[in-house]
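Trainee: I would like to go through this model term by term. Please set each value against its cut-off.
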Amino acid sequence: SLLDTDRALVLLEEYCKKLRKPEEQQLKKAIRKVMGIFKSSLFQALLGSFKKKATRHGATSYTSLPAALACDILGCPKD
């Protein structure tokens, strides 16, 4: 949802503030790119479409798309 996106943006921004070492700048750049994607109108439209489909199919809970996308792009560990 939009709130998930906003929360993801806040968390990513907080994390970026902690990345000060020279070797962390590449990661910081990647995170900023993800943040730009989350803010894009295309992403918001896709998110809205995804939510409508999930609701139509009776899925009341689903993985946060912003979090899933962030993990996919940034290479978060999978369960």
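Mentor: Start with exposure. Buried means under 20% relative accessible area, exposed means over 50%, and partly exposed is in between (1.4 Å probe, protein chains only). This is a predicted model, where local features need pLDDT of at least 70, side-chain atom pairs count only at pLDDT 80 or more, and totals for chains, interfaces and linings use all residues. Residues are numbered from 1 along each chain as its sequence is written, and side-chain values use heavy atoms, with hydrogens and water left out.

Trainee: What makes Y15 partly exposed?

Mentor: Its relative accessible area is 41%. That value lies between 20% and 50%, so Y15 is partly exposed.

Trainee: Where does Y15 sit, and how do you know which residues it is in contact with?

Mentor: Y15 is in helix α1, residues 2–18. Helices are DSSP runs of H or I with at least four residues, strands are runs of E with at least two, and both are numbered from the N terminus. Contact means heavy atoms within 4.5 Å. Leaving aside neighbours within four places in sequence, Y15 is in contact with L27 and I31. Y15 and K28 are 13 residues apart in sequence, and their C-alpha atoms are 8.6 Å apart.

Trainee: How many helices and strands does the protein chain have?

Mentor: The protein chain has 4 helices and 0 strands. From the N terminus, the order is α-α-α-α.

Trainee: What makes a set of residues a nonpolar core?

Mentor: The members must be buried Ala, Val, Leu, Ile, Met, Phe, Trp, Tyr or Cys, joined through side-chain atoms within 4.5 Å. The largest such core has 11 residues: A8, L9, L12, C16, L19, I31, V34, M35, F38, F43 and L47. The elements giving two or more residues to this core are α1, α2 (25–39) and α3 (41–56). In soluble globular proteins, nonpolar side chains tend to be buried together.

Trainee: Why is the pair E13 and R32 called a salt bridge?

Mentor: The rule asks for a side-chain nitrogen of Lys or Arg within 4 Å of a carboxyl oxygen of Asp or Glu. The side chains of E13 and R32 meet at 2.9 Å, N to O, so the pair qualifies. This pair links distant parts of the chain: E13 is in helix α1, R32 is in helix α2, and they are 19 residues apart. E13 has 24% relative accessibility, so it counts as partly exposed. R32, at 39%, is partly exposed.

Trainee: What makes E14 and K17 a salt bridge?

Mentor: Their side chains meet at 3.5 Å, N to O, which is within 4 Å, so the pair passes. Both residues lie in helix α1, 3 residues apart, about one turn of the helix. E14 is partly exposed at 39%, and K17 is partly exposed at 46%. By this rule the count comes to 2 salt bridges.

Trainee: What does the side chain of S40 reach?

Mentor: S40 reaches the backbone nitrogen of F43 at 3.1 Å. S40 is in the loop between α2 and α3. Its relative accessibility is 25%, so S40 counts as partly exposed.

Trainee: Where is confidence lowest and where is it highest?

Mentor: pLDDT is the predictor's confidence in each residue, from 0 to 100. Helix α4 (residues 65–74) is lowest, at a mean of 65, and α2 is highest, at 90. The protein chain averages 76, and 59% of the residues score at least 70.

Definitions and conventions
Polar contact = N/O pair within 3.5 Å; in protein donor to acceptor, adjacent residues only side chain to side chain.
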